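Please keep the sequence and the structure in view while reading.

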Amino acid sequence: MTENPLKVFQKIFSSYKNTTTQTLKIIDCFLVFQFLTGILQFAYVFLVGKFPFNSFLAGFISTVGCFVLTINLRTLVDPENKETKVSAKRAFVDFLICNVILHLAVFNYIG
Amino acid sequence: MKPILFWIFVLTLSTVSSSKPLFGPKTAVLLGNIDDKHKYSQFFDSFTSKGYDLNFLRASNQDATLKKFGEYLYDQAILFVGKSEEINVVDILDFIDSGRSVIVATSSGLSDSVRELAIGCSIEFDEQGMSVVDHFNFKSGDKEHTSIITNNFCDIPSVIGDFEQDKKGVLFKGIGMKVQKNSPLNYRILNAPSTSYSSFVDEKITKKPFLIGNEITLVAALQTRGDARVLFSGSIDMFSNDFFDSKYGNSLFCQEIASWAFNERGFLRLRDYTHHKANSMVKQDYYRIKDDIEFSVTIEEYDIVKGWVPYVANDVQIEYVMLSPYIRKTLFNYPKTGKFSTRFTLPDKHGTFKFRLHYHKRGYRFIEKVEEIPLKPFWHNEYERFIPVAYPYYLSAILMLVGFFLFSIIFLYNEDKNNTRKDK
């Protein structure tokens, strides 16, 4: 019954490719981009030290915050999600407002 | 016209060349017996030659007042009361409290009022009638062994002055006293040799004497916080011509300690106290954390002949204090000008700080200067901006913003071909 792990991944990937909507794929792309930016900053802080600590916090929080908000958007617009009864438009407006507030805070704090 | 100019010239010349006592020349000399002044003429002449104006008064005389109509008539006083003459203690303590110096000499037969005066200066004389006796260090020919010779001086250069180089021993005949060893204001200038003791001369000793050896102080002083100096000697004879003419160092010793007592040495003053930021010359009421500060002050010492001369020392410290000192720095001395200065960075902590210069050196006038200079934190716009190290963080925040913008456009213009969630 055991299958080749590579085949498992291929199966997952092909199923993702076939069944996921394009909107969700775009969201996922954006998520990966935010995740990588966050990881890079974290590595950078280990490399040069935490001197402008407020700048680091602002930069890192901007990626984390964006990531969390985008995850929220993804759950709300996912057609598989039958529990939440919020329209995609409403979800996007929420996402928009939250992002504006987040970036206001981030640019105020970045120094 | 010409004679007037000539006299002005003579006057200025005389004031420049002659020595000048710091607080004025008027000196009261209170004696038990006015006729005794010839016995101490050498000592008194040393004052007259330095420009003091001595006024001889009888100590027990009611008219011998130091104050008239609320003003002091004298700038300093000498009290030579050997036998049981009464003096006005309250008057003299007031005189001392006003910052005026007093030299007190007494003998074994001292009166209660002199003892009271000494207690007012935290110096305690031994019982009336007692003498300091030493069977090893005494003047030859003295059968009672009460004229003792001591070499036990304090090591305060300012007090004993030139006598430091020429330690011949001092002849002393009189009563001992007790002074607390750790007292911050009292000095034990001359102590008895370790072989001496204090007792009645004509009585047999059955108990251990109250004061023995090094504990006995022969000459002590008090330096008050109000700049007065009070000198106490248990022996009036040590100032006498007989003792001055002996082969011992009485003459120089007595003159040196007397000139210290009358502020001819060790009297310091502050001048040009200032501090400012290292890059500006303006003195500020407050500074910011981590400011570089330059602090400087000039300290001068009074010299009776030369006037104010630069003070030379390497132990003057400045402190920056908020409850406890955050910074304590030794000031660098420029010996030619008497300027003391240093440079330091203020601490990274805001609050109500003080600059504190407390200079308490034994034998010198205390210098206490405290100035409140608060320390403020950075203003909002004083923080460093656009630090090169932080560029990646700026970049990431901008990327997030741009990404969000692009994502929003793509999200809005994207339409799923199938399986679209229906809006309600």
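Predicted model: local features only at pLDDT ≥ 70, side-chain atom pairs only at ≥ 80, totals over all residues.

Over all chains the structure holds 17 salt bridges, whereas the count between chain A and chain B is 0.

## The interface between chains A and B

Chain A contributes 43 residues to the contact and chain B contributes 30 residues. Together the two chains bury about 3100 Å², and 71% of this area is on carbon and sulfur atoms. Of the area that chain A buries against chain B, 17% is supplied by Ile26(A), Tyr44(A) and Phe92(A), which is more than any other three residues supply.

## Helix α8 of chain B against two helices of chain A

Helix α4 (residues 88–109) of chain A packs with helix α8 (residues 391–413) of chain B at an angle of about 165 degrees, their axes being 11 Å apart. Since angles over 145 degrees count as roughly antiparallel, α4(A) is roughly antiparallel to α8(B), and α4(A) passes α8(B) in a left-handed crossing. Residues of α4(A) that make the contact include Phe92(A), Phe95(A), Leu96(A) and Phe107(A), and those of α8(B) include Ile398(B), Leu401(B), Phe404(B) and Phe411(B). By class, the residues of the contact of α4(A) with α8(B) divide into 13 nonpolar, 3 polar and no charged.

Helix α2 (residues 22–48) of chain A also packs with α8(B), at an angle of about 180 degrees and with the axes 11 Å apart, and α2(A) and α8(B) are therefore roughly antiparallel to each other. Among the residues of α2(A) that meet α8(B) are Ile26(A), Phe30(A), Gln41(A) and Tyr44(A), while the α8(B) side includes Tyr393(B), Met400(B), Phe404(B) and Phe407(B). The contact of α2(A) with α8(B) has 14 nonpolar, 6 polar and no charged residues.

## Helix packing within chain A

Within chain A, α2(A) packs with helix α3 (residues 53–77) at an angle of about 160 degrees, and their axes are 9 Å apart. This angle makes α2(A) roughly antiparallel to α3(A), and α2(A) passes α3(A) in a left-handed crossing.

The α2(A) side of this contact includes Asp28(A), Phe30(A), Leu31(A) and Gln41(A), and the α3(A) side includes Phe60(A), Cys66(A), Phe67(A) and Arg74(A). The residues in the contact of α2(A) with α3(A) divide into 14 nonpolar, 7 polar and 2 charged.

Key. Residues numbered from 1 in each chain as written. Chains lettered and ligands numbered in written order. Heavy atoms only, no water. Axes fitted to C-alpha atoms, helices over the stretch in contact; angles between N-to-C directions. Helix = DSSP H or I, 4+ residues; strand = E, 2+ residues; numbered from the N terminus. Parallel < 35°, antiparallel > 145°, perpendicular 65-115°, else oblique. Left-handed = near helix turned anticlockwise from the far one by under 90°. Contact = heavy atoms within 4.5 Å. Nonpolar A, V, L, I, M, F, W, Y, C, P; charged D, E, K, R; others polar. Buried area = accessible area lost by both parts, 1.4 Å probe. Salt bridge = Lys/Arg side-chain N within 4 Å of Asp/Glu carboxyl O.
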